[in-house]
Amino acid sequence: MRTKVLSVGGSIIAPNEPDTGFLLEFSQMVTEWLDANEDARLILVAGGGGPARIYQNSYKKVAEGFSSIQKKNASFVDTDALNYACDWLGIMATRLNAQILKTVFGPLCPQDVVTDPTAVSDFKGRILVAAGWKPGFSTDNDAVLLAERFAADTVVNLSNIEKVYTDDPRKNPDAKPIDNISWAEFRKMVGDEWVPGKNCPFDPIASKKAQELGLTVICAGGKNIPNIKSILDGSDYIGSTIK
C-alpha cells in the first residue's frame with residue numbers, strides 16, 4: 001500500500017489545550033480521503049505543542065530558582081542535564097497528543113501509539129500514530145525514520161506556518177517565503193544541532209537524515225484542511241518543498 005507520513009505539529013493539535021475544532025475537521029477529512037483511496041495508509045506523528053512548552057518553561061523556572069538557593073551567583077543546574085529533562089517533558093507531551101489522535105480515529109488505528117520508530121515491525125489498520133522517542137531527537141526525526149521504515153518518499157510537516165521563510169518574519173520584515181529549496185540550502189538555514197523546544201521548520205537532525213534518504217519534505221499550514229487534502233491528492237498546494 002502507498003504510505004504517506006504527516007508530521008502534525010503540537011501547535012496544531014494543542015496550541016494550549018486540544019483544539020477540538022481542528023481535530024474534528026482533520027479527522028473527517030482524513031477518514032473521507034482514506035475511503036476514497038483504498039490503496040493508501042497514513043502515519044501521523046504528533047508534536048508536543050503548548051503543553052510541551054508550558055512544562056519545559058515551568059521546569060526551567062524551578063531549576064533556576066533551585067540553583068540560586070543552592071549556589072548564589074553560580075549555576076547549579078548543568079546545561080546538559082537541563083536539556084535532557086526538557087527533552088523528556090516534551091516527549092511526554094507528544095505522547096499525550098498522539099493518544100488523542102489515536103483515540104479520535106478509533107478502529108482505523110488499532111495499534112498502540114508508536115514511541116520507538118526503530119522497533120515497529122508492522123502496520124495494522126489504515127492509520128499508525130507515533131509520538132516522541134528519546135532525548136536528542138524531535139518528532140520530525142521520528143517521522144523521517146518511519147518514512148524510511150515503511151517506504152514513504154515524502155513527509156508532510158504541518159505546523160502553524162504556511163511556508164518556510166528566509167528568516168523569522170516576526171523579527172525580520174524583509175524575510176521572504178520559499179516555495180522550493182534544496183536540502184543543502186535548507187540545512188545552511190537550520191544548522192546541525194538539536195535543542196529541545198527549538199522553533200524551526202524542520203529540525204537539523206531530521207533534515208540530515210532526510211537528505212541522506214532522498215526524502216521530500218513539504219512544510220505547510222496545519223489548519224488549512226483543504227490544502228492538506230490537496231497535498232495528499234498530489235494536487236497544487238500552498239507550502240514549501242524541500243528536496
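Mentor: Let us begin with Cys-219, which has a relative accessible area of 3% and is buried. Please bear in mind that this is a predicted model.

Trainee: What makes Cys-219 count as buried?

Mentor: The term buried requires a relative accessible area under 20%. Cys-219 has 3%, and therefore it is buried. Cys-86, with 2%, is likewise buried.

Trainee: How many disulfides does the structure contain?

Mentor: A search of the whole structure finds zero. The term would need a pair of cysteine sulfur atoms within 2.5 Å.

Trainee: Why is strand β8 described as largely enclosed by the rest of the structure?

Mentor: Because six of its six residues are buried. On one side of β8 these are Thr-216, Ile-218 and Ala-220, and on the other Val-217, Cys-219 and Gly-221, so that both faces are covered. In general, the side chains of a regular strand alternate between the two faces of the sheet.

Trainee: How do you know that β8 is paired with β4, and in which sense?

Mentor: Pairing requires at least two bridges between the strands. β4 and β8 share six bridges, in the parallel sense, and within this pairing Val-156 has Ile-218 as its bridge partner. Three bridges also join β8 to β9, and these two strands run antiparallel. There Cys-219 stands opposite Ser-240.

Trainee: What makes the pairing of the sheet mixed, and where do these strands fall in its order?

Mentor: The open sheet has seven strands in the order β3-β2-β1-β4-β8-β9-β7, with mixed pairing. Parallel examples include β4 with β8, β1 with β4 through four bridges, and β2 with β3, also through four bridges. The pair β8 and β9 is antiparallel. Among the facing residues, Val-8 stands opposite Leu-158 of β4, and Val-45 opposite Ala-130 of β3.

Trainee: What is found in the largest nonpolar core?

Mentor: That core has 32 residues, and Phe-26 and Leu-44 have the most contacts inside it. The greatest contribution comes from α2, with seven residues. Apart from this core lies another, of 29 residues, among them Val-120, Ile-178, Val-190 and Ala-206.

Trainee: Which residues does Leu-44 touch, beyond those up to four places away in sequence?

Mentor: Leu-44 touches Leu-6, Phe-26, Leu-101, Phe-105, Ile-127, Leu-128, Val-129 and Ala-130.

Trainee: What makes Gly-239 buried, given that its place is in the loop between α8 and β9?

Mentor: Its relative accessibility is 5%, and therefore Gly-239 counts as buried. Leaving aside neighbours within four places in sequence, Gly-239 is in contact with Glu-162, Lys-163, Ile-178, Asp-179, Cys-219 and Ala-220. Although Gly-239 and Ala-220 are 19 residues apart along the chain, their C-alpha atoms are separated by 4.5 Å.

Trainee: Is Gln-56 buried or exposed, and what does its side chain meet?

Mentor: Gln-56, in helix α3, has 8% relative accessibility and so counts as buried. A polar atom of its side chain lies 2.8 Å from the backbone oxygen of Cys-86. The cut-off for a polar contact is 3.5 Å.

Trainee: Why is Ala-151 called exposed?

Mentor: Exposed means over 50% relative accessible area; Ala-151 has 70%, and therefore the term applies. Ala-151 lies in the loop between α5 and β4, and its phi is near 55°, a positive value in a residue other than glycine.

Technical notes
Residues numbered from 1 in each chain as written. Predicted model: local features only at pLDDT ≥ 70, side-chain atom pairs only at ≥ 80, totals over all residues. Heavy atoms only, no water. Core = buried A, V, L, I, M, F, W, Y, C linked by side-chain atoms within 4.5 Å. Buried < 20%, exposed > 50% of the residue type's maximum accessible area, 1.4 Å probe, protein only. Contact = heavy atoms within 4.5 Å. Polar contact = N/O pair within 3.5 Å; in protein donor to acceptor, adjacent residues only side chain to side chain.
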